Amino acid sequence: MSRRVCSKGWGAVLAAGVLLLAQTPAVARESGPRYDGAEEHYAGSQIALHEGVNVSVGPLYGGEAQTLGHDVSGHQGDVDWPGAARTGAKFVYVKATEGTGFVNPRFPQQYNGSYGVGLIRGAYHFARPDISDGAAQAHYFVDHGGGWSGDGKTLPGALDVEYNPYGETCYGKTPAQMVAWMASFAETYLWRTGRHPAIYTSTSWWKRCTGNSNVFWQNPLWIARYNTEIGELPASWKHQTIWQFSNKGSLPGDQNWFNGTIDRVRALSLG
């Protein structure tokens with residue numbers, strides 16, 4: 001009698017163990033990298049959230065020797081490219097990827113459509129330093145639309161580094177670790193394409209999360225500040241290449257000034 005009770009007891013333990021093993025993979029999947037809301041993470045989405053939008057300025061603010069452009073992501077849906085061109089867009093950056101697990105589902109329509117109407121376009125990557133190293137994300141970016149070609153219509157890829165939408169502002173990294181992460185991305189992108197990627201950021205985030213690093217001077221700066229004054233730049237740069245001056249305006253998505261004439265935009269595309 002006691003032996004039968006013991007047998008049943010061990011059977012229950014074994015059954016519970018099998019059930020636990022069966023559940024383990026599901027638990028592992030649930031604890032993987034998060035991409036919820038990734039389609040809503042665009043260049044400046046977290047900067048506007050944390051730093052605010054001080055003013056909405058008109059498209060004529062840039063003055064002479066500035067070229068109007070914009071940036072878009074899946075957040076905008078399919079873009080009316082003939083309309084954007086008629087409104088005055090000369091260049092555009094399109095979100096391609098985030099981390100190593102998200103590709104913008106609207107990327108083909110946005111990237112190829114802008115090229116079709118004559119805009120000089122480039123792709124950008126929303127950085128996720130919390131989930132994988134910089135080299136892995138650079139490879140993922142290039143493999144999913146973020147490459148470069150010397151056709152005079154393709155800008156070098158851009159690395160979007162801003163406030164973490166999933167948690168701690170600096171993705172749990174010290175300034176030295178963040179600089180190392182970005183350097184790994186930039187070096188890998190250069191190796192894959194022959195171009196230094198542009199870096200998109202804000203001065204406030206840069207100071208906080210990189211310690212105001214001054215080592216990225218070879219990378220074109222795409223700075224975000226929603227105001228009538230561009231203000232202080234991060235320590236790596238003496239001047240900006242692109243200024244994202246507003247998160248809305250006459251063009252789809254965010255509004256940008258290239259610091260130069262259209263010939264300078266074309267020169268950057270050619271390298």
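This is a predicted model: local features need pLDDT of at least 70, side-chain atom pairs count only at pLDDT 80 or more; totals for chains, interfaces and linings use all residues.
## Nonpolar cores

The largest nonpolar core holds 43 residues, and of these Val161, Met182, Trp205 and Trp206 touch the most other members. Helix 6, which covers residues 175–193, supplies the largest share of this core, with six residues.

Once its neighbours within four places in sequence are set aside, Met182 is in contact with Leu159, Val161, Trp206, Thr210 and Phe216.

## The disulfide

The structure contains one disulfide, which is formed by Cys170 and Cys209, with their sulfur atoms 2.0 Å apart. Cys170 lies in the loop between strand 5 (158–160) and helix 6, while Cys209 lies in helix 7 (residues 203–210), so the pair ties together parts that are 39 residues apart in sequence.

The torsion about the S-S bond of Cys170 and Cys209 is about -75°, and the disulfide is therefore left-handed. Both partners are on the buried side of the cut-off, since Cys170 has a relative accessibility of 6% and Cys209 has one of 1%.

## Surroundings of Phe107

Phe107 belongs to helix 4, which spans residues 107–116, and with a relative accessibility of 8% Phe107 counts as buried. When residues up to four places away in sequence are not counted, Phe107 touches Val94, Lys95, Ala96, Asn112, Ala123, His144 and Gly145. Phe107 and Gly74 are 33 residues apart in sequence, and the distance between them in space is 7.2 Å, C-alpha to C-alpha.

## Salt bridges

Side chains of opposite charge can pair when their charged atoms come close. The model has eight salt bridges, including one between Arg34 and Asp36, with a distance of 2.9 Å from N to O. Arg34 is partly exposed at a relative accessible area of 43%, and Asp36 is also partly exposed, at 44%.

Lys95, one of the residues that Phe107 touches, meets Glu98 in a salt bridge of 3.1 Å, N to O. Lys95 counts as buried at 1% relative accessibility, and Glu98 is buried with a relative accessible area of 0%. Lys95 and Glu98 are linked with Arg128 and Asp130 in a network of salt bridges. Another salt bridge joins Asp143 to Arg192, with the closest N and O atoms 2.8 Å apart. Because Asp143 lies in helix 5 (residues 134–146) and Arg192 in helix 6, this pair ties together parts that are 49 residues apart in sequence. Arg192 is partly exposed, with a relative accessible area of 32%.

Methods. Residues are numbered from 1 along each chain as its sequence is written. Side-chain values use heavy atoms; hydrogens and water are left out. A nonpolar core is a set of buried Ala, Val, Leu, Ile, Met, Phe, Trp, Tyr and Cys residues joined through side-chain atoms within 4.5 Å. Buried means under 20% relative accessible area, exposed over 50%, partly exposed in between (1.4 Å probe, protein chains only). Helices (H or I, at least four residues) and strands (E, at least two) are DSSP runs, numbered from the N terminus. Contact means heavy atoms within 4.5 Å. A disulfide is a pair of cysteine sulfur atoms within 2.5 Å. A salt bridge is a side-chain nitrogen of Lys or Arg within 4 Å of a carboxyl oxygen of Asp or Glu.
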